[in-house]
Amino acid sequence: METVPSPITSTTNSGGGGGGSTTPSRYENQKRRDWNTFSQYLRNHRPPLTVAMCSGAHVLEFLHYLDQFGKTKVHNPTCPFFGLPNPPAPCPCPLRQAWGSLDALIGRLRAAYEENGGRAESNPFGARAVRLYLHDVREFQAKARGVSYEKKRKRPKSSNISNATPVTTSPNATATATAT
Ligand SMILES: [Zn+2]
């Protein structure tokens with residue numbers, strides 16, 4: 001069952017000319033920021049990487065790197081609160097990027113990659129390893145947090161979108177988040 005969203009048709013913007021008059025959507029803004037973050041990550045990588053050199057493995061590295069900026073508590077299997085949606089007390093389990101955030105992020109980067117000249121056939125964000133990783137993250141976070149992503153999909157009750165908070169990529173800008 002394919003669950004990876006592909007919100008991108010990539011048939012627009014092929015001219016490379018105008019399009020400056022329309023206000024960029026929130027999605028486009030976020031996509032540009034994500035792409036900048038990824039590009040910066042590649043520049044800081046040891047050894048340095050270029051986009052063309054990227055494979056699915058590098059994308060996974062990037063996702064792991066982002067976890068340090070995550071804000072979603074994901075309980076370890078040994079934690080007594082494992083599987084509890086609303087733990088009654090704090091615990092030392094790590095904060096991670098929520099699956100919904102990563103899933104949306106990969107969708108945007110996948111589009112950005114091709115908009116920046118990458119070939120769809122070699123798109124590392126569409127790599128099988130990345131899909132499998134996201135699938136695993138979803139499964140594990142659903143268990144660890146006691147959250148069923150399937151239910152949320154069918155009927156978003158009470159507009160709870162806590163699983164899709166924007167990915168926070170800058171350790172310095174956490175206090176000045178623009179998203180409200
Ligand atoms: Zn815990």
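**Entry 1: Y133**

I started at Y133 and found that Y133 touches L60 and L63, leaving out residues up to four places away in sequence. A contact here means C-beta atoms, placed from the backbone, within 7 Å of each other. I note that this is a predicted model, in which local features need pLDDT of at least 70, side-chain atom pairs count only at pLDDT 80 or more, and totals for chains, interfaces and linings use all residues. Residues are numbered from 1 along each chain as its sequence is written.

I placed Y133 in helix α4. The cut-offs are 20 or more other C-beta atoms within 10 Å for buried, 12 or fewer for exposed, and partly exposed in between, with C-beta atoms placed from the backbone. I also looked up Y133 and L63: they are 70 residues apart along the chain, and their C-alpha atoms are separated by 9.7 Å.

**Entry 2: the whole chain**

I listed the elements of the protein chain and got 5 helices and 2 strands. Helices (H or I, at least four residues) and strands (E, at least two) are DSSP runs, numbered from the N terminus. Read from the N terminus, the order is α-α-β-β-α-α-α. The protein chain has 180 residues, and 22% of them are buried. I then took the contacts with a separation of 6 or more, and 71% of these join residues 24 or more positions apart.

**Entry 3: confidence**

I read the mean pLDDT of the protein chain as 82, with 72% of the residues at 70 or more. pLDDT is the predictor's confidence in each residue, from 0 to 100. Which helix has the lowest confidence? I found it to be α5 (residues 149–154), with a mean of 59, while α3 is highest at 98. Residues 6–19 stay under 50, and the model gives this stretch 8 contacts beyond four places in sequence. Residues 173–180 are also below 50, with 2 contacts beyond near neighbours in sequence.

**Entry 4: α2 against α4**

I went back to α4, this time with α2. The axes of α2 and α4 come within 8 Å and cross at roughly 35°. Axes are lines fitted to C-alpha atoms, for helices over the stretch in contact, and angles run from 0 to 180 degrees between N-to-C directions. On the α2 side I listed G56, A57, V59, L60 and L63, which meet R128, A129, V130 and Y133 of α4. I sorted the residues of this contact into 7 nonpolar, 1 polar and 1 charged. The classes are nonpolar (Ala, Val, Leu, Ile, Met, Phe, Trp, Tyr, Cys and Pro), charged (Asp, Glu, Lys and Arg) and polar (the others, Gly among them).

**Entry 5: α3 against α4**

I looked up α3 (residues 99–115) and α4 (residues 128–145), which pack at an angle of about 160° with axes 9 Å apart. That angle makes α3 roughly antiparallel to α4. Angles under 35 degrees count as roughly parallel, over 145 as roughly antiparallel, 65 to 115 as roughly perpendicular, and the rest as oblique. From α3, the residues W99, L102, D103 and I106 meet V130, L134, V137, R138 and Q141 of α4. I counted 6 nonpolar, 1 polar and 2 charged residues in the contact of α3 with α4.

**Entry 6: α1 against α3**

I compared α1 with α3 and found their axes within 9 Å, crossing at roughly 80°. The two helices, α1 and α3, are therefore roughly perpendicular to each other. In α1 the residues Q30, K31, D34, W35 and F38 meet L105, R108, L109, A111 and A112 of α3. This contact of α1 with α3 divides into 6 nonpolar, 1 polar and 3 charged residues.

I also checked R33, which is in helix α1. R33 counts as partly exposed because 17 C-beta neighbours lie inside 10 Å. R33 and L109 are 76 residues apart in sequence, with a C-alpha to C-alpha distance of 9.7 Å.

**Entry 7: two loop residues**

I found A98 in the loop between β2 (95–96) and α3. Why does A98 count as buried? A98 does so because 25 C-beta neighbours lie inside 10 Å. From A98 to V74 I noted 24 residues in sequence and 8.5 Å in space, C-alpha to C-alpha.

Last, I looked up P47, in the loop between α1 (26–44) and α2 (56–67). The peptide bond from R46 to P47 is cis, and its omega is near -10°.
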